[in-house]
There are 2 protein chains.
Amino acid sequence: LRLGIGDDAALVKARYGHDIILTTDMSIEGVHFTCRLHPPRSVGHRALARSLSDIAAMGGTPRYALVSLALARRTTRAWVEDFYRGVAALAKRFGVALVGGDTALVAGRTMVDVIVAGEVPCGRALRRSGARPGDQIYVSGRLGLSALGLKVLRGAALPARSTATEAVRMHLYPEPRCALGKYLSERRMASALMDISDGLSLDLARLCEASDVGACLEVERLPGPRLEDRRKSLALALEGGEDYQLLFTVPASKVRQVPSHFRGVPLSLIGRIEQRRGVRLAGPDGRLKPLPSGGWDYFRAS
Amino acid sequence: LRLGIGDDAALVKARYGHDIILTTDMSIEGVHFTCRLHPPRSVGHRALARSLSDIAAMGGTPRYALVSLALARRTTRAWVEDFYRGVAALAKRFGVALVGGDTALVAGRTMVDVIVAGEVPCGRALRRSGARPGDQIYVSGRLGLSALGLKVLRGAALPARSTATEAVRMHLYPEPRCALGKYLSERRMASALMDISDGLSLDLARLCEASDVGACLEVERLPGPRLEDRRKSLALALEGGEDYQLLFTVPASKVRQVPSHFRGVPLSLIGRIEQRRGVRLAGPDGRLKPLPSGGWDYFRAS
């Protein structure tokens with residue numbers, strides 16, 4: 001970092017032999033968070049986490065962040081301070097320097113745009129487009145926890161206490177998988193990589209489209225929330241967004257190198273890439289059915 | 001550019017021997033633009049111009065842009081297309097690649113956040129903090145035209161036709177001074193540089209604060225709009241924001257190197273930096289009076 005907040009722009013050092021990764025994500029009151037359910041610290045955490053996850057999804061290391069904040073007039077100073085505490089705590093833990101941003105008061109709702117610049121050694125960025133037929137499909141962690149956590153916060157679901165606690169924590173304070181992304185890039189293990197922000201079914205369809213392939217998922221292997229109702233767990237795993245887990249494909253020759261866990265987070269083999277387009281779901285009886293790419297699409301949701 | 005829109009993030013090349021400049025600026029309906037007065041093409045142009053101007057203000061060259069767009073639900077497809085035409089046309093002219101962004105629909109008003117990454121040779125970035133007592137103060141172009149143009153659009157001012165046309169054009173399609181910023185950096189001519197986005201009086205006060213100095217401006221030299229009422233012209237030159245002209249200081253030893261025009265844009269000597277804090281205004285009779293740092297401050301304006 002050469003020059004941070006206070007001048008016309010931020011001046012940062014580019015590392016030799018590295019490419020720059022740039023990403024930006026908006027968090028909008030009423031769309032991505034509400035003032036009733038989300039404490040300001042969580043709003044700040046989640047806004048930054050979304051962009052950090054994009055860097056993880058390229059196999060890169062986040063370095064700098066800028067925060068643009070359009071504040072609803074009714075916002076209190078305490079809210080803004082707690083919001084920045086949430087941003088700053090996550091930034092610090094990931095070694096990210098806050099170098100700038102923009103602030104304004106608005107008549108409408110609060111809106112945040114977080115920009116993160118990261119780096120990756122030249123030629124080592126992992127893309128969505130590298131999956132090939134025969135590759136195995138993996139995800140990190142559990143899927144659908146964030147969506148379940150939101151239901152719990154809304155009083156619309158009442159799972160066992162340990163599951164509820166975990167789900168709410170994952171919803172309010174999701175953990176970007178930057179170390180895993182970097183690991184997959186450094187070991188040249190993954191043929192394609194992306195983060196799951198809008199739900200597995202939608203994001204896997206995107207990966208398949210970018211790679212010009214199809215996929216088959218095994219229902220029994222999907223790591224959904226621990227619920228008594230297996231159908232609900234499956235729906236959450238497939239459709240629930242905002243988990244920010246990583247979705248990656250591994251060529252068959254490298255599958256044996258994939259550890260079962262990475263820093264305590266399980267890595268689950270959930271299916272395989274196929275030549276035939278579309279995503280299909282294989283049930284416990286081996287029957288195949290097509291999976292509509294649902295997921296959490298803002299435009300559809302509205 | 002290695003990878004643009006469509007993956008998790010944009011991957012861009014860092015040039016050896018260069019630092020990266022990062023900047024972000026929001027443009028908010030009702031604050032920075034209105035749908036009644038500003039055609040969508042102008043909204044796009046101005047949103048990008050704000051960030052390009054920040055790069056100019058560091059003496060850098062803009063390279064990549066990302067656009068986050070939170071669209072009010074009532075927005076038409078035609079509006080969005082024209083908005084992007086405005087962004088794309090300006091980006092093309094400045095050699096800037098659009099590499100990503102984010103889009104969402106919102107219940108409230110339209111909001112844009114434009115992020116620009118630029119570059120500058122290591123050690124050559126120009127800051128606000130380099131002004132020293134005895135340095136001469138310059139501005140590019142005419143100040144207050146954008147504010148006058150807004151008045152014309154609102155029907156609140158009726159200057160001579162040529163002035164009105166120029167003012168409206170400068171309001172709707174301001175021209176970032178990137179070539180000038182780069183020129184000042186390359187020739188090592190300026191001791192401090194910034195862009196005037198919030199009005200001369202406010203931005204000069206910021207430059208003085210960053211440099212820990214004061215300034216004295218000569219009223220007669222301020223290049224305001226050509227109006228019959230000299231007082232109105234002066235007020236616009238001092239207080240009118242969004243001109244995106246450059247404000248820079250030049251050590252006395254280099255003043256003779258400053259051209260009268262740069263690519264058709266006049267460079268005006270308007271005063272000098274002093275040790276004594278605060279900004280003062282010297283009238284035609286030589287009388288000095290303190291200049292309150294007014295300018296266009298969003299928080300004050302609201």
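This is a predicted model: local features need pLDDT of at least 70, side-chain atom pairs count only at pLDDT 80 or more; totals for chains, interfaces and linings use all residues.

1. Five strands make up an open sheet of mixed pairing, in the order β4(A)-β3(A)-β5(A)-β2(A)-β1(B). At the edges sit β4 (97-106) of chain A and β1 (10-13) of chain B, each of which pairs on one side only. Ignoring direction, neighbouring strands are turned by 20 degrees against each other on average.

2. Inside that sheet, β2 (residues 18-28) and β5 (residues 111-121) of chain A are antiparallel partners, with 11 bridges between them. One place to look is A:Ile20, which stands opposite A:Glu119 of β5(A). Helix α2 (residues 77-93) of chain A packs on the sheet, where it touches β3 (61-72), β4 and β5 of chain A. The direction of this helix makes about 170 degrees with that of β3(A).

3. A:Glu119 belongs to strand β5 of chain A and A:Arg15 to the loop between β1 (10-13) and β2 of chain A, so the pair ties together parts 104 residues apart in sequence. A:Glu119 counts as buried at 7% relative accessibility, whereas A:Arg15 is partly exposed at 44%.

4. The side chains of B:Asp198 and B:Arg206 meet at 2.7 Å, N to O; B:Asp198 is buried, at 11% relative accessibility, and B:Arg206 is partly exposed, at 28%. Back in chain A, salt bridges with shared partners join A:Arg15, A:Arg63 and A:Glu119 into one network. The other chain B pair is B:Glu242 with B:Arg46, at 2.9 Å from N to O. B:Glu242 lies in the loop between α7 (230-239) and β9 of chain B and B:Arg46 in helix α1 of chain B, so this link ties together parts that are 196 residues apart in sequence. Both B:Glu242 and B:Arg46 are buried. Over all chains, the count comes to 28 salt bridges.

5. B:Asp54 lies in helix α1 (residues 40-56) of chain B. Leaving aside residues up to four places away in sequence, B:Asp54 touches A:Asp8, A:Ala9, B:Thr23, B:Asp25 and B:Asp195.

6. B:Asp195 leads us to β9 (residues 245-250) of chain B, where its bridge partner is B:Leu246. Six of the six residues of β9(B) are buried, so the strand is largely enclosed by the rest of the structure. Strand β7 (residues 192-196) of chain B pairs with β9(B) in the antiparallel sense over five bridges. Strand β6 (residues 136-140) of chain B also runs antiparallel to β9(B), joined by four bridges, and B:Ile137 has B:Thr249 as its bridge partner there.

7. Finally, two backbone spots to check. Phi is near 50 degrees at B:Arg188, in the loop between α5 (178-186) and β7 of chain B. B:Asp212, in the loop between α6 (200-211) and β8 (214-218) of chain B, has phi near 60 degrees. Most residues other than glycine have a negative phi.

Technical notes. Residues are numbered from 1 along each chain as its sequence is written. Chains are lettered from A and ligands numbered from 1 in the order in which they are written. Side-chain values use heavy atoms; hydrogens and water are left out. Two strands pair if DSSP finds at least two bridges between them. Axes are lines fitted to C-alpha atoms, for helices over the stretch in contact, and angles run from 0 to 180 degrees between N-to-C directions. Contact means heavy atoms within 4.5 Å. Buried means under 20% relative accessible area, exposed over 50%, partly exposed in between (1.4 Å probe, protein chains only). A salt bridge is a side-chain nitrogen of Lys or Arg within 4 Å of a carboxyl oxygen of Asp or Glu.
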